[in-house]
Amino acid sequence: MATAKKTNGSKSNSGNAKSMDAAALLKADHRKVEDLLATYENSKSKSAKTKLAQQICMELTIHATIEEEIFYPGVKGQVEDDMLDEAYVEHDGAKVLIGELLAGTPEDDFYDAKVKVLSEEIKHHVKEEEQRDGIFAQAKKAGVDMMALGEQLAARKAELMKAYKASGIPTPETRSMRGVELKVGHPVESATA
């Protein structure tokens, strides 16, 4: 995909005043997931945790997909390659945990620990993207048309949300990991069991 370059107008191509630039849209996603993770951490009810975990997994799956399909290709060559490579690997690490959560329930050993580790991974990833010299800042400094990318992200996000609500969250798909088979050892007892 070609890199989107900066345009002179501050309005989006469609003229929609509610459009937001790519960084603002992605940051809004970050805040929503952070809020959901905090709510999960404070929840005691297994049914509430189940619903929250499903929502967290859906939000993160959609977010990762739109970043990987649109945002990262749109800023490639305009931001540090190492940062993009790390972002893909961080997404894939989160996808492993998302797959575990989707296959499990809050009654499972280590379920809450998996949500906690996912939360920590997301915090690190968000910091990498949002920090002063992070991916978003580098893209803006390079003159990437963040409004055009924001429109594309919003359209794809709406499409994915509709599809996932209708048919469920798909099995996570990694882009940087090969999906090596891991040997599952004998279960260990959770520290909370």
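This briefing covers a pocket, a surface patch and salt bridges. The model is predicted. Its largest pocket has a volume of about 560 Å³. A search of the whole structure finds 13 salt bridges.

**Pocket**
- The largest pocket is lined by 18 residues.
- Closest to its centre are Val-96, Glu-100, Val-180, Leu-182 and Val-184.
- The lining of this pocket has nine nonpolar, five polar and four charged residues.

**Surface patch**
- Val-89, Val-96 and Met-177 make a nonpolar surface patch of about 230 Å².
- Val-89 lies in helix α3, which spans residues 81-103.
- Val-89 counts as partly exposed because its relative accessibility is 41%, between the 20% and 50% cut-offs.

- Lys-32 and Glu-59 form a salt bridge, with their closest N and O atoms 3.1 Å apart.
- This pair links distant parts of the chain: Lys-32 is in helix α1 and Glu-59 is in helix α2, 27 residues apart.
- Lys-32 is partly exposed at 38% relative accessibility, whereas Glu-59 is buried at 8%.
- Arg-156 and Glu-69 also meet in a salt bridge, at 2.6 Å from N to O.
- Arg-156 is in helix α6 and Glu-69 is in helix α2, so this pair ties together parts 87 residues apart in sequence.
- Arg-156 is partly exposed at 21%, and Glu-69 is partly exposed at 30%.

- The side chains of Asp-92 and Lys-95 meet in a salt bridge at 3.5 Å, N to O.
- The two are three residues apart in helix α3, so about one helical turn separates them.
- Asp-92 is buried at 0% relative accessibility, and Lys-95 is buried at 10%.
- Shared partners join Glu-68, Asp-92, Lys-95 and Arg-175 into one salt-bridge network.

Conventions
Residues numbered from 1 in each chain as written. Predicted model: local features only at pLDDT ≥ 70, side-chain atom pairs only at ≥ 80, totals over all residues. Heavy atoms only, no water. 1 Å grid on protein atoms, 1.4 Å probe; cavity = no way out; pocket = protein on both sides within 12 Å on 5 of 7 lines; lining within 4 Å. Points joined across faces, edges and corners; volume = space filled by probe spheres on them. Nonpolar A, V, L, I, M, F, W, Y, C, P; charged D, E, K, R; others polar. Patch = residues over 30% accessible without salt bridge, like charges linked within 9 Å, V, L, I, M, F, W, Y side chains within 5 Å. Areas by Shrake-Rupley, 256 points an atom, 1.4 Å probe, with all protein chains shown as cover. Salt bridge = Lys/Arg side-chain N within 4 Å of Asp/Glu carboxyl O. Helix = DSSP H or I, 4+ residues; strand = E, 2+ residues; numbered from the N terminus. Buried < 20%, exposed > 50% of the residue type's maximum accessible area, 1.4 Å probe, protein only.
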